[in-house]
Amino acid sequence: MLLTVSGPPGSGKSTTAELLADAFDLDHVSGGDIFRELADERGYTPLEFNKLAEENDEIDRDLDLRLREIAIEEEDLVLESRLAGWLAGEHADFRFWLDAPANVRGERIAEREEKDPARATEETKAREASEAQRYQEYYGIDIRDLTIYDLSINTARWEPDAVLDMLVTAVGEYEAAGDEGKAPVTGVDYQF
């Protein structure tokens, strides 16, 4: 079973993906962890590395290719990244989108990175705008298009365990006989 967890920075993707992987005894691969590792290896902060990625498309393309290959080749996995649902495409059994208001996400990031919440919110908004533009240019993906997702949740409204319960229930209650068709992922140009 391949589950994807996508959403903007600070939406609770990592927390939820880890809990989901534990609940179903699946491996967990995080695009954010891979991106931060690549940034750290090169001596950049994630924001600096994101800015560099605006000038050097190989950074995004290498990361996205790796995530797409994992989605195609691996089984029994929770794949987590902003584009996980798009990159996994038809290979995903379920695609989940998590979100929260920008100020909530900024506060979460500020706490995690020990910085000022207002600064974290502004950096996050800049990062999101930059990434959205690149996703559109590279692959024809409109990251705001949520029609490919099976479920979208505002994580500011519920605690992580409640979000997990919703996702576990969605997967557990799924019956193939009643499935009228998952949303196709179309119009994506997987040119890595």
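The axes of α3 and α4 come within 5 Å and cross at roughly 105°. Axes here are lines fitted to C-alpha atoms, for helices over the stretch in contact, with angles running from 0 to 180 degrees between N-to-C directions. The two helices α3 and α4 are therefore roughly perpendicular (65 to 115 degrees). Helices are DSSP runs of H or I with at least four residues, and strands are runs of E with at least two, numbered from the N terminus. F49, L52, A53 and E55 of α3 meet D57, I59 and D60 of α4; contact means heavy atoms within 4.5 Å. By class, this contact has 4 nonpolar, no polar and 3 charged residues.

The model is predicted; local features need pLDDT of at least 70, side-chain atom pairs count only at pLDDT 80 or more, and totals for chains, interfaces and linings use all residues. Residues are numbered from 1 along each chain as its sequence is written, and side-chain values use heavy atoms, without hydrogens and water.

The largest nonpolar core has 31 residues. Such a core is a set of buried Ala, Val, Leu, Ile, Met, Phe, Trp, Tyr and Cys residues joined through side-chain atoms within 4.5 Å. Buried means under 20% relative accessible area (1.4 Å probe, protein chains only). L2, V29, L67, L79, L83, W86 and I141 have the most contacts inside this core. Helix α4 gives the largest share, 5 residues. Beyond four places in sequence, L79 touches L2, L3, T4, V5, V29, L67, I70, A71 and A84. A second, separate core of 15 residues includes L3, A21, V78 and L167.

T121 lies in helix α7. This residue is buried, with a relative accessible area of 11%. Leaving aside neighbours within four places in sequence, T121 contacts A102, N103, G106 and E107.

Key
Buried < 20%, exposed > 50% of the residue type's maximum accessible area, 1.4 Å probe, protein only. Parallel < 35°, antiparallel > 145°, perpendicular 65-115°, else oblique. Nonpolar A, V, L, I, M, F, W, Y, C, P; charged D, E, K, R; others polar.
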